[in-house]
Structure formats: structure tokens, C-alpha cells
Amino acid sequence: MSTNTHAAGAHDHHHDDGHGHSTFSGYMLGFVLSVVLTAIPFWLVMSGALPSKQITALVIMAFAVVQIVVHMIYFLHMNTKSENGWSMMALIFTIVMVVIALSGSLWVMNHLNSNMMPIHEMTGMK
Amino acid sequence: MTVAVNPSQTGEPVFYLADEHPHPEGYSTSLGFWIYLMSDCLIFAMLFAAFGVLGANYAAGPAPKDLFDLDLVAVNTSMLLLSSITYGFAMLTMQQNKIAQTQMWLLITGLFGAAFIGIELTEFAHMIHEGATPQRSAFLSAFFTLVGTHGLHVSCGLIWLMTLMVQVWRFGLIEANRRRLMCLSMFWHFLDVVWIGVFTFVYLLGVLR
């Protein structure tokens, strides 16, 4: 497979080859989706439309994830074929690293924090 | 699989890979740049993690609710979003070889980007004026580091954008300039992706807390 793509790609590879072909409708669809996906979370927080803060937090985080995917597809032109799949491989690896680092840090430090709390209160520190 | 050819002046054989074939210039640039963006993504992930850990440590100082003006953040977000779509238009006109229109869209993108930086600096100045400096609390240290790093990236993007406008003005839409505009496109849209994380986790969740 690699010899195949090398033979074909050696002379025909251009800058845009690996990143799909951008179209006006693609950009506009991405833009409209992002505006909607940005406006709703702002409105939810500013108006307090949802009854509980936990639900609001979960909903706006879900909107953020969807919007990131929209940006990846319509603006960064990510797909499984670009650069023979290496872009996607790099992205998946990065996402795994980010998830481990973020969830690990928050989890560990949160436990540390709750274990430290009584000492803070006992010594009257603020 | 090495083959000896062309004995050099000293008589030593020169070795090279027989299956090495020439690639056109910039062949691997977009993948290389993508990998750079992924490494940048890890930097931001660490800053988000730091903010996530320290974001509630106000040290009896001001909390997000006292500091953040969501109207201003909404305006700022729209600036960045608009600059993303105008950069998209610049790429589309570039594909059609329309130099003047490409330059115009790049300029508009730059103006939106500059507006974003301007609003952010105004916000920072306002916060610092109120005593909410990075030294005030762990929350503010993490806030200024995360949002400041993003702002620094956008500023670098603006410098890059201006450089490329001069390049396109002087040399036209040559292959090298197209490649550079493609890289900046990825950089610019990537910063917009990071900003989604910033406005959601720092501003919206901060005010919600």
C-alpha cells in the first residue's frame, strides 16, 4: 500500500492534497453551526434558563465538544484519509494524551484537595 | 539497500538509499505542521489542567463572577469566529487564483484578529486595574497563563498573517505562498478550537460556579 501511494504521490502531492477540498458551502455550514453552538451556551448561562447549574454545565460542555468536532471537520478539513491517515493518527494520539492528562490531573488533585481541606479549616487559614 | 556510486575525490564511495526518491518541496509540510499543532494542543491541555485544578482557589480574592463580563466575551468570541470564516474565504479565493480578493480577505481576517486581541487586552487591563493581577490568587495565575498563552498565539498568528500578505503582494500566489497560507489556515482554525475550550471552561463555567 505504501509503495502504491508513494508512486502516485511523488509528483502529484500538493499542499491541498491531504486536506480535502474546501468549498464555500462547507465553510458556510461550519460557520452557521458554530454560531448556533456558541450562541446557545452563552444564552443558557446568561439567562439561567435551565433549572440547575449542574445540568447547565453538562449541557454547555456537550456543546463545546460538538463545536470542536464541527471546527475539525469544516474548518480544519479533518478526515480519515488526509496524509494517508497520519493526521488522524496524530489526532487520536493527542486526544488520548489530553484525556489522560486532564482527567488524571483533575482526579488526583481533587482528591488531594478534599484530603487537605480539614487542615485548612482547623488552622483557620483562608 | 545501499548502493555505492560516484567515488568522491578522496576515493571513498558515497552511499545513499536506492529507494530514496525526490519529493517535491513542501511535500510533508502539512503533516509536519499538523504534528506541531498537536504538540501545541498538549501545551494547552496542560494549561487547562492547571486551570482546572487551581480555578477555584480564589485566596479570598475576586471570583470569576466578579470579574468576567460575558457580553464582552461573547463579542470577543464572535470576533474570532468571524475571523475564521473570513480566513476560509481567503483560502477559497486563493484556490481560484484571485490575488486581490485573497489579500482583502486576509486583511479582514487580520482586522478581526486585531479586534480580538484589543478586546482581550482591554479586559486584562480592566482586571489588573481592579487589583485582579496574576499574583492575586492561584485562580488568576492560571487564568492569565491560559488565556494569555492563547492571546500570544493569536498575536503571533497576526504577525505571520501580515508577513504572508507582504509575501503574496511581492511574489503572488506561488506554490510556496499557497503552502504557507495553508499552514496559517490550520494554525488560525486551531486557535479558534482552543478558544472554544477557553470560553466554555474558563468563562461560562467560571461564571456558573
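Visitor: Does B:Y203 count as buried or exposed, and why?

Guide: This is a predicted model. In it, B:Y203 counts as buried because it has 25 C-beta neighbours inside 10 Å, and the cut-off for a buried residue is 20 or more.

Visitor: Where is B:Y203 found?

Guide: B:Y203 is part of helix α6 of chain B.

Visitor: Which residues is B:Y203 in contact with, leaving aside its neighbours within four places in sequence?

Guide: Its contacts are B:F68, B:L70 and B:V73. As for B:Q135, the two C-alpha atoms are 19 Å apart in space, and B:Y203 and B:Q135 are 68 residues apart in sequence.

Visitor: And B:F199, what is that one in contact with, again leaving aside neighbours within four places?

Guide: B:F199 is in contact with B:V73, B:T77 and B:L204.

Visitor: On to the largest nonpolar core. Which residues touch the most other members?

Guide: The core has 63 residues, and B:F143, B:L146, B:F199 and B:V202 touch the most other members. Elements of both chains give two or more residues to this core: α2 (24-47) and α3 (53-74) in chain A, and α1 (29-54), α3 (70-95), α4 (99-129), α5 (138-171) and α6 (175-208) in chain B.

Visitor: Which element gives the most to this core?

Guide: That is α6(B), with 18 residues.

Visitor: How do α1(B) and α6(B) cross?

Guide: Their axes come within 11 Å and cross at roughly 15 degrees. An angle under 35 degrees counts as roughly parallel, and therefore α1(B) and α6(B) are roughly parallel to each other. The crossing of α1(B) and α6(B) is right-handed.

Visitor: Which residues meet there?

Guide: From α1(B) there are B:T29, B:S30, B:F33, B:W34, B:L37, B:F44, B:F48 and B:F51. From α6(B) there are B:R179, B:M182, B:C183, B:M186, B:F187, B:F190, B:V194, B:G197, B:F201 and B:V202. By class, the contact of α1(B) with α6(B) has 14 nonpolar, 3 polar and 1 charged residues.

Visitor: Let us turn to chain A. How many helices and strands are there?

Guide: Chain A has 4 helices and 0 strands, and from the N terminus on its elements run α-α-α-α. Of the 126 residues of chain A, 18% count as buried. Among contacts in chain A between residues at least 6 apart in sequence, 62% join residues at least 24 apart.

Visitor: At what angle do α2(A) and α3(A) pack?

Guide: The angle is about 165 degrees, with the axes of α2(A) and α3(A) 10 Å apart. Angles over 145 degrees count as roughly antiparallel, and so α2(A) and α3(A) are roughly antiparallel to each other. The crossing of α2(A) and α3(A) is left-handed. Residues that make the contact include A:L33, A:L37 and A:L44 of α2(A), and A:V59, A:F63 and A:V70 of α3(A). By class, the contact of α2(A) with α3(A) has 14 nonpolar, 7 polar and no charged residues.

Visitor: Now the two chains together. How many residues of chain A are in contact with chain B?

Guide: There are 43 residues of chain A in contact with 43 residues of chain B. On the side of chain A that touches chain B, at least two residues each come from α1 (2-12), α2, α3 and α4 (86-122) of chain A. The element that gives the most to that side is α4(A), with 12 residues. The side of chain A that touches chain B divides into 25 nonpolar, 14 polar and 4 charged residues.

Visitor: One last topic, backbone angles. What is phi of A:N84?

Guide: A:N84 has a positive phi of about 55 degrees, although A:N84 is not a glycine. A:N84 is in the loop between α3 and α4 of chain A, and is partly exposed, with 16 other C-beta atoms within 10 Å.

Visitor: And where does B:A60 lie?

Guide: B:A60 lies in the loop between α1 and α2 (64-67) of chain B. Phi of B:A60 is near 60 degrees, a positive value in a residue other than glycine. B:A60 counts as exposed, with 8 C-beta neighbours inside 10 Å.

Conventions: Residues numbered from 1 in each chain as written. Chains lettered and ligands numbered in written order. Predicted model: local features only at pLDDT ≥ 70, side-chain atom pairs only at ≥ 80, totals over all residues. Core = buried A, V, L, I, M, F, W, Y, C linked by C-beta atoms within 7 Å. Buried ≥ 20, exposed ≤ 12 C-beta atoms within 10 Å, placed from the backbone. Contact = placed C-beta atoms within 7 Å. Nonpolar A, V, L, I, M, F, W, Y, C, P; charged D, E, K, R; others polar. Axes fitted to C-alpha atoms, helices over the stretch in contact; angles between N-to-C directions. Parallel < 35°, antiparallel > 145°, perpendicular 65-115°, else oblique. Left-handed = near helix turned anticlockwise from the far one by under 90°.
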